[in-house]
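Subject: A structure for you to look at

Hello,

Here is the structure I promised to pass on to you. Please open it beside this email and follow along as you read.

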Amino acid sequence: MTTQLAKRLNGKTVLITGASSGIGRSTAFEFARSSPQNLKLILTARRIDTLNEIAVEIVQEVGNGVKVLPVQLDVSNPEEVRGFKEKLPAEFRDIDVLVNNAGLVRGVAKAPEILEEDITVMFETNVTGLINMTQAILPEMLERNNGAGVGDIINIGSIAGREPYVGGGIYCATKAAVRSFTESMRKELISKRIRVICIDPGQVETDFSVVRFYGDKDKAKAVYAGCEPLTPEDIAEAIVFAAGRRENVVIADTLIFPNHQASATIMHRNNQ
Ligand SMILES: NC(=O)c1ccc[n+]([C@@H]2O[C@H](COP(=O)([O-])OP(=O)(O)OC[C@H]3O[C@@H](n4cnc5c(N)ncnc54)[C@H](OP(=O)(O)O)[C@@H]3O)[C@@H](O)[C@H]2O)c1
């Protein structure tokens, strides 16, 4: 039995940034499982060895109907992003779905103590990187379908983009920028058949907090103490759901919480 979602995803080419870990990695598996007969996946991140391992695991699990292309790409490097499309083999060039997922948070410092390096890396990855990727992929999406355009741009925002919190000044600002850019673009592309989709997760347990605390796993674990956070699979399912709707249906905006969470900072903890 083939689901409507599987039929709609059949034959698509999906590009995921930040596919080496967490939400991006789970999204790669979820697309592959949802359309195992005929799908092309371009997986990008800085850790190419991890991407290569994921590519092997995906094909082992779903078979050769899914073609996986791992490509090393640092989205914060504009030159790499500019040269990216030319490096793709011809069969992977017609990208149908771009999942702008690569992103990170560094530190919990408050102004005026925020490290300049952290400010730069968060903006260059979460904002400029996402915009540069979008501008690299969008021209071909616009040309296709006899100039009417085709494709999905799925941006991963955050509850942090809607609700700034103490110690998240820069990260929250980057995700607010993602939200704003996404909404402008949806309006700019109103006459085109391109869907602009925003997925805003609440708390998800990935390496996100490990990166925030510069590799300190104990501090990262403490973030989730007494909580049951979302899994990266929960967000991956929402991303694939959005990409798998009928062409005229746009899941424009979503906010996804685990059951214990009601805002960026309001969570119920079992140990309290
Ligand atoms: N976890 C949460 O609670 C949460 C909540 C809301 C939103 N989000 C958002 O979800 C997205 C994914 O995060 P995650 O939770 O899955 O964290 P994660 O497990 O740390 O994954 C982050 C991914 O981004 C990639 N990345 C980071 N910098 C990059 C760069 N310069 N160029 C290319 N790729 C880069 C990493 O790959 P490499 O290190 O191999 O480059 C990794 O694959 C982010 O945009 C994050 O802001 C997360």
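A residue is called buried if 20 or more other C-beta atoms lie within 10 Å of its own, exposed if 12 or fewer do, and partly exposed in between. Please keep in mind that this is a predicted model.

Is Leu43 buried or exposed? Leu43 has 27 C-beta neighbours inside 10 Å, so Leu43 counts as buried. Leaving aside residues up to four places away in sequence, Leu43 touches Ile16, Ala19, Ala28, Leu51, Ile54, Ala55, Val68 and Pro70. Take Ile16 from that list: Leu43 and Ile16 are 27 residues apart in sequence, yet their C-alpha atoms are 5.3 Å apart in space.

That pair leads us to the sheet. In general, strands of a sheet pair through backbone hydrogen bonds, either parallel or antiparallel. Here, Ile16 stands opposite Leu43 in β2. Strand β1 (residues 13-17) and strand β2 (residues 39-45) run parallel, and five bridges join them.

What is the order of the strands in the sheet? The sheet is open and has seven strands, in the order β3-β2-β1-β4-β5-β6-β7, with parallel pairing. The edge strands, β3 (66-72) and β7 (253-256), each pair on one side only. From one strand to the next, the twist averages 15°.

Helices pack on this sheet too. One of them is α2, which touches β1, β2, β3, β4 (97-100) and β5 (151-156). The direction of α2 makes about 170° with that of β2. Another is helix α6 (residues 169-188), which touches β5 and β6 (194-201) and whose direction makes about 160° with that of β6.

Now for the ligand. Which residues come nearest to the ligand? Of the 30 residues around the ligand, the nearest are Gly18, Gly22, Arg46, Arg47 and Gly103. Two or more residues of this shell come from each of α2 (22-34), α5 (116-143) and α7 (208-212). The most come from α2, which gives three residues. Sorted by class, the shell has twelve nonpolar, 14 polar and four charged residues.

Gly215 and Gly18 are 197 residues apart in sequence, and their C-alpha atoms are 18 Å apart in space. You will find Gly215 in the loop between α7 and α8 (217-223). Gly215 counts as exposed because it has 10 C-beta neighbours inside 10 Å.

Finally, here are some backbone details to look up in the loops:

- Ala111 and Pro112 are joined by a cis peptide bond, with omega about 10°. Pro112 lies in the loop between β4 and α5.
- Asn145 lies in the loop between α5 and β5. Its phi is near 60°, a positive value in a residue other than glycine. With 13 other C-beta atoms within 10 Å, Asn145 is partly exposed.
- Asn146 is in the loop between α5 and β5. Its phi is near 55°, again positive in a residue other than glycine. Asn146 has 7 C-beta neighbours inside 10 Å, so Asn146 counts as exposed.

Enjoy exploring, and write back with any questions!

Best wishes

Terms used: Residues are numbered from 1 along each chain as its sequence is written. This is a predicted model: local features need pLDDT of at least 70, side-chain atom pairs count only at pLDDT 80 or more; totals for chains, interfaces and linings use all residues. A residue is near a molecule or strand if its C-beta atom, placed from the backbone, lies within 6 Å of it. Helices (H or I, at least four residues) and strands (E, at least two) are DSSP runs, numbered from the N terminus. Ala, Val, Leu, Ile, Met, Phe, Trp, Tyr, Cys and Pro count as nonpolar, Asp, Glu, Lys and Arg as charged, and the others, Gly among them, as polar. Two strands pair if DSSP finds at least two bridges between them. Axes are lines fitted to C-alpha atoms, for helices over the stretch in contact, and angles run from 0 to 180 degrees between N-to-C directions. Two residues are in contact if their C-beta atoms, placed from the backbone, lie within 7 Å.
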